[in-house]
Amino acid sequence: MKRQVLLLFSVLSFYLALGQVSYSIPEEMAKGSLVGNIAQDLHLDVKRLQAGKARIHTGDNTEHFQLNKEKGLLIIKEKIDREALCGQTTPCALDFQIALENPIEIISVTVEVTDINDNAPVFEKEERRFEISESAILGSKFMLEKAIDPDIGLNGLQNYKLTPSDNFILKLHSQSDGGKKVEMILQKPLDREKQERISLLLTAIDGGEPQRSGTMQIFITVLDINDNAPVFTQPVYKAAVPENSIKGTLITKVSASDADKGSNGEVNYVIGNSMRGISKLFQITEEGHVILNGLIDYEKYKKYVIDVEAVDRGGLSDSSKVIVDVGDINDNSPVINIISSSSSIEEDSSSKTVVAVMRVSDPDSDENGKVTCRIDNNRQFTITPTSINLYSLVTDSELDRETASEYDVTVTCSDEGVPSLSSSVTINIQISDVNDNTPAFEKSSYEAFIIENNTPGVSVFKVKATDADWNQNARVSYILEDSSVNGVPVSSYVSVSADSGVIHAVRSFDYEQIKDFQFRIKAQDGGSPPLSSNVTVKILIQDQNDNPPQVLYPVLTGGSVVAEMVPRSADVGYLVTKVVAVDVDSGQNAWLSYKLQKTTDRALFEVGLQNGEIRTIRQVTDKDAVKQRLAVIVEDNGHPSRSATVIVNVAVADSFPEVLSEFTDFTHDKEYNDNLTFYLVLALAVVSFLFITCLVVIISVKIYRWRQSRILYHSSLPVIPYYPPRYSDTLGTGTLPHVYNYEVCRTTDSRKSDCKFGGVGSQNVLIMDPSCTGTMQRIQTEKSILDEPDSPLEQKPPNNDWRFTQGQRPGPSGAAGGPEVAMGTGPWPQPPTEAEQLQALMAAANEVSEATATLGPGTMGLSTRYSPQFTLQHVPDYRQNVYIPGSTATLTSNPQQQQATAQQAAQQALPPPQAAAQVEPPKAAQTPASKKKSTKKEKK
């Protein structure tokens with residue numbers, strides 16, 4: 001097999017790579033025979049053929065070849081008959097294209113089919129009969145039918161042979177169309193009397209290997225004499241006829257004459273062609289008119305050659321030729337064949353991207369076959385010729401799927417004939433989506449309202465974002481961005497549904513704690529990579545009337561009664577007190593109004609509706625009761641409204657005794673809570689147990705340390721001073737009691753508690769225990785004590801001599817501090833160890849025991865309840881340097897001063913003469929800070 005390969009590559013614009021390859025194969029090759037290796041000849045990777053979906057495209061939908069994409073081989077799909085495919089046309093070439101995608105590539109393939117000697121010469125008729133006059137002169141010519149051999153070249157018809165050749169010989173004449181005219185020449189006169197019928201065999205021989213031949217029988221009947229043969233007026237006749245002429249169109253007229261007369265001079269015309277159906281397309285009349293008998297097509301045959309024969313009655317004949325030229329008319333519209341096309345392209349495809357490749361052809365000739373293509377009303381695409389008869393449909397501008405998701409591109413191709421013919425084809429192009437649009441919210445920001453005390457999980461608001469993309473790229477998900485509200489993650493306040501964008505409250509909101517907050521929600525699409533946008537959402541919490549008013553003043557604590565004093569000389573409009581209340585709600589829910597709900601005397605007091613001020617509305621008289629009980633209701637303006645009630649006790653009196661005598665009649669609440677009683681009894685039992693335990697421990701320690709008491713008494717170890725309860729250092733100037741309680745002792749059978757009077761407070765406010773049964777005489781005694789100038793309520797600075805030197809201050813081994821310590825501004829000394837604290841405790845216990853033995857009756861032997869005149873004056877002398885925590889003062893170890901101090905303490909320990917008849921509780925031990933004050937008092 002002879003195979004020729006011609007590769008021609010050309011790099012074109014518009015992303016279209018074209019190649020050309022040619023092969024040559026003989027006809028009649030078996031199915032599956034190899035034509036050529038496309039991959040090797042074009043240097044293509046086999047994977048490229050598979051990935052590019054390589055396929056063969058032919059214009060007439062007849063596929064003679066098949067592409068093996070796995071091996072890159074071009075093989076024969078079906079057996080090819082060159083004669084059926086091309087006839088006598090040489091060379092016989094099959095043109096087709098191989099189309100590849102991604103990117104689009106077009107490979108033009110030309111396969112030339114060469115001829116083999118597979119056909120023997122064939123005569124159309126198996127026999128031919130002649131009637132020849134015996135008077136036929138030597139050299140008379142008898143035209144024979146030519147044999148037909150579809151093969152071409154050497155395989156075609158090459159020669160004729162006539163047997164036997166006694167009377168006739170053959171003479172061949174070459175013709176312009178490549179064929180041979182066969183004539184039988186009479187070389188020996190005929191003698192009817194000797195041989196009336198002659199049988200000859202005409203053999204047609206080709207030049208192929210092996211040689212093939214065909215035969216036709218010739219039967220000759222010898223007639224009587226007819227010695228003149230017809231003669232044509234022209235050896236060649238020429239005519240022209242346009243294609244698609246109607247049947248019966250006159251093409252030309254031929255004429256032949258015969259010198260004989262009579263029946264021997266009558267001439268008949270016949271068409272001697274048997275090839276290509278010429279005898280079916282044309283006919284000739286007895287008058288010699290050549291008439292069109294069928295349809296002729298310029299695209300099939302451009303010229304016809306008709307052999308015309310004139311025969312007389314005697315069998316003599318002459319031949320002539322009629323050449324018919326077929327004229328072209330514009331009768332064919334352009335043919336558009338889509339070789340390859342992309343059903344969809346991405347919207348971000350660059351300009352000049354190839355969308356489709358098409359082959360446009362017009363079988364007409366000259367101007368009628370020139371074709372131009374255009375696109376109708378579409379600016380996004382354009383069509384460009386890339387090679388002969390090939391056009392590419394490419395993008396001409398940027399595409400946007402959101403503007404147009406598909407295009408119907410109509411390509412119209414027109415020829416230049418008159419009139420012009422055109423064809424059109426519509427290509428549907430889908431624009432595939434690219435994630436090039438971010439989700440867009442309907443608003444730039446959102447505000448939503450929710451009423452406080454909402455149910456957790458309730459829907460608050462819904463945000464919505466749309467994405468102009470399609471499918472997955474347009475699927476929007478909502479995400480709550482991380483942020484904080486007052487230091488708390490916003491996710492603990494709200495949540496957002498990823499699919500619907502509905503915002504839910506995670507917790508119940510309280511307007512009084514938070515009034516509004518804002519956060520950001522991100523909308524993200526499902527593209528790759530995803531695009532997103534965000535929006536700010538502000539949640540405004542609306543107030544509900546969920547808080548009742550709160551009364552700030554007056555406030556009742558425990559069982560005490562708060563009473564406001566109104567003098568009987570008060571005028572109209574006298575301000576008794578003011579009820580102060582607040583409402584933590586806002587707006588009209590916080591607007592408060594005050595009303596008297598219940599009062600002892602409605603004609604005496606009124607309360608301001610807006611300000612809560614309680615004033616008298618008339619002059620106070622002696623007839624008005626001392627006790628006035630006012631119930632004031634405070635109500636807000638909410639719907640429904642909430643309220644609070646406060647009881648205000650008003651004492652209409654000019655002095656405290658009058659008030660006290662009236663308020664002692666308050667009944668004691670006799671309803672006891674069982675649980676409270678149980679806990680009180682339990683607490684009393686525990687305290688008693690702890691007291692007995694501590695007492696046993698102290699006595700045991702005292703006995704154990706009895707022999708060491710004196711040694712500890714004279715030791716130089718630092719002692720932590722003992723301070724009575726309810727005393728503290730004040731600005732480094734000594735110790736004073738914070739609160740003075742004056743208690744009246746009652747009998748043991750009384751269920752009344754002691755009455756306690758506050759020595760500090762407003763002149764118009766009394767804090768009283770309803771169980772008080774004391775007398776005003778005792779109260780006046782208490783007051784006289786409080787009014788003394790040297791009362792313990794007054795705090796005076798300590799004596800300048802009451803200081804320790806630096807070396808006398810307690811500390812580890814009497815360590816001395818630096819200069820700053822000496823100045824009283826240094827740091828605190830190191831705390832005593834546990835051993836030192838134990839020694840100090842034992843010394844204190846010893847001194848307490850000795851001091852107890854020296855006291856007379858009526859002092860430490862009394863009950864634990866003390867009279868109002870009791871003060872802490874006696875402090876045991878530990879005979880050691882004492883350091884006062886919280887003070888920078890030091891005591892100098894002056895023996896004379898210590899002796900004077902001891903004498904004053906001994907005198908103060910004795911009861912005064914005027915109080916000898918009364919049993920009074922002992923005075924508290926005097927602290928060093930109060931020694932100077934006591935001395936002054938004794939001098940007075």
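**A question to start**

Is Cys413 buried or exposed? Cys413 counts as buried, at 0% relative accessibility. Keep in mind as you look around that this is a predicted model. Cys413 also belongs to a disulfide, with Cys373 as its partner, and searching the whole structure gives two disulfides. Let's take each of them in turn.

**Cys373 and Cys413**

In this disulfide, the distance from S to S is 2.1 Å. The torsion about the S-S bond of Cys373 and Cys413 is about 105 degrees, so the link is right-handed. If you trace the chain, you will find Cys373 in strand β28 (residues 371–375) and Cys413 in strand β31 (residues 406–415), so this pair ties together parts that are 40 residues apart in sequence.

**Cys86 and Cys92**

The other disulfide to look at joins Cys86 and Cys92, and here the sulfur atoms are 1.8 Å apart. This link is right-handed, with 65 degrees about the S-S bond.

Both ends can be checked for burial. Cys86 has a relative accessible area of 18% and is buried. Cys92 is buried as well, with a relative accessible area of 2%.

**A look at Cys694**

One further cysteine is worth a visit while you have the structure open. Cys694 has a relative accessible area of 45%, which means that this residue is partly exposed.

Terms used. Residues numbered from 1 in each chain as written. Predicted model: local features only at pLDDT ≥ 70, side-chain atom pairs only at ≥ 80, totals over all residues. Heavy atoms only, no water. Disulfide = S-S within 2.5 Å. Buried < 20%, exposed > 50% of the residue type's maximum accessible area, 1.4 Å probe, protein only. Helix = DSSP H or I, 4+ residues; strand = E, 2+ residues; numbered from the N terminus.
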